[in-house]
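Subject: Two-chain model, handover and findings

Hi,

Here is the model for you to look over. My notes follow below it.

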Amino acid sequence: MNVATLGARDEALRAYLEGDEDGADDDLDLDELDLGEFADEWHREREAEFYAVGEAGQVGQVADDALEFLLSPCDLLAPYRVPVKVSEAIAYLESILDPVRILALFQHYFPVAFKNTQAKMVASSSNTYSDAEIEFFRLVDTHLFPLWDYILEWQLEEEIREMAIPVAPQAMEVWDRDMDDFRHGWHVLFILEGVKAVGDLPEDSPYLIWREELEAFSRVPGEPSPYYEGRVRLNETDASGPLAYLEDAVRMLHQGTGNVWLDVSSEEALESHGSVVWCREDVDALAEEWEEAARIKERAYRLIDWLEQDTAHQRLLIDLWQRGVEEAEEDDGSVPEKTAADLGYVQTVLPLVDVEQPGQVELETERVRVEA
Amino acid sequence: MSSPLEILRAHPAWYNAALVLAWELKSQELAAGALPMRRLIQLADVIDDAQTEGKALVAQTDAALRVLKSASPAPSSALPIGF
């Protein structure tokens, strides 16, 4: 590249930085010119010139480092350019709005903490979160709903900021996890509901004493359990105690509570990442849903606490399911009292069943389809 | 107001709400340094509205231009008197 061309390009660059395209050289079409590529080439040529001088004059490392700053005028001057196009203006306002929206939520949901915070409100770069934003995320996680540390840490490490809320799904995902991952109060219920087998029990499990009885409940995946068929019936005494929360526990383990926090798996949450963003409407909706999820969890864990208190309580559970099986064997094939829709977790338990009109399809019809 | 020409006349680019506010904020930033975040938070709704309005005007103008570009020339007798 000769000196004349170099001068013309310098002029074009200056004109671009000043937002004066008319001042550019006529030979250069700025609309078609890739300024990024142009700047790189300009940078390489200056660097070559600099090293040519450097080799003769023994320029040291300090000057070498300074070169990075001296030879990137586009990057250095861009922040000082006033937006002159609507697209630039919208991009500039967007860059301001992202942190402002998050910090406005901080002020709205935690006014005292916001007033007292000493954390920096401006991030070190446009690709990361400020300390105040991170403080807000921690407060949300503690007081409103759980955030997914996995995504937040990844964003901080990779310097990626986004407006999507990294919700942390709370579904049990029993199928993908070991029995040991759950409190032992769940173990018998998992087997009775067919989501785990007796062989999955830990070697030191106290429930192995009922191996034979439990093996009777081994079923192929998707086959309805006595509970699903509405054949597990509680007497008045049972229904007034912790067993009253059996419904919540069974729905939780099948991810069929109807609550997004308890039903959506990690994989589904990742796929739908970005569907909720940092705005009041979404934060309110998630917080309200999480309150309901927490109530369901609390009820389910009251049952689990009770089951863990005494093996006799687990034995009672097995008896209830056995009575359901016996009833089914004696049954003449009439339709049970509860329909699939009454039980609410049709699609989770029986994914192959096509329920076109929930609430109107009776279990007998579905059973025929499953067998087919 | 439905004519594409009327829309274009009513929304000259220099009167775009996003551009006006961006120019104002950037000028303040250059004159006095980074804008205080707490003040920007108070302006959050104003900035949001300006950006939304600015985007909408651009979309409206683009649509009007597309209509004009795809329009067929009309005979002079079809134009309103005095146009």
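Predicted model: local features only at pLDDT ≥ 70, side-chain atom pairs only at ≥ 80, totals over all residues.

Chain B

Chain B has four helices and zero strands. Its elements run α-α-α-α from the N terminus. Of its 83 residues, 19% are buried.

Helix 2 of chain B has 16 residues. From first C-alpha to last it reaches 22 Å, close to the 22 Å expected at 1.5 Å a residue. Buried in helix 2 of chain B are B:Ala17, B:Ala18, B:Leu19, B:Leu21, B:Ala22, B:Leu25 and B:Lys26. Their cover includes helix 4 of chain B together with helix 5 of chain A.

B:Ala18 shows both sides of that cover. Beyond its neighbours within four places in sequence, B:Ala18 is in contact with A:Val86, A:Ala89, A:Ile90 and A:Leu93, among others. Its contacts in chain B include B:Ala50, B:Gln51, B:Glu53, B:Gly54 and B:Lys55.

The contact between the chains

Chain A puts 18 residues into the contact, and chain B puts in 22 residues. On the chain A side, 15 are nonpolar, one is polar and two are charged.

The cores

The largest nonpolar core has 34 residues. Those with the most contacts inside it are A:Ala89, A:Leu93, A:Val100, A:Leu103, B:Ala18, B:Leu21 and B:Ala22. Five helices each supply at least two residues of this core: helix 5 (86-109) and helix 7 (131-143) of chain A, plus helix 2 (17-32), helix 3 (37-42) and helix 4 (44-70) of chain B. Helix 5 of chain A gives the largest share, 13 residues.

There is also a second, separate core of 32 residues. A:Val198, A:Leu253, A:Leu262 and A:Trp321 are among its residues.

Helix 7 of chain A

Helix 7 of chain A has 13 residues and reaches 18 Å from first C-alpha to last, close to the 18 Å expected at 1.5 Å a residue. Its buried residues are A:Ala132, A:Glu133, A:Glu135, A:Phe136 and A:Val140. Helix 5 of chain A is part of what covers the buried residues of helix 7 of chain A.

Best wishes

Technical notes
Residues numbered from 1 in each chain as written. Chains lettered and ligands numbered in written order. Contact = placed C-beta atoms within 7 Å. Nonpolar A, V, L, I, M, F, W, Y, C, P; charged D, E, K, R; others polar. Core = buried A, V, L, I, M, F, W, Y, C linked by C-beta atoms within 7 Å. Buried ≥ 20, exposed ≤ 12 C-beta atoms within 10 Å, placed from the backbone. Expected span 1.5 Å × (residues − 1).
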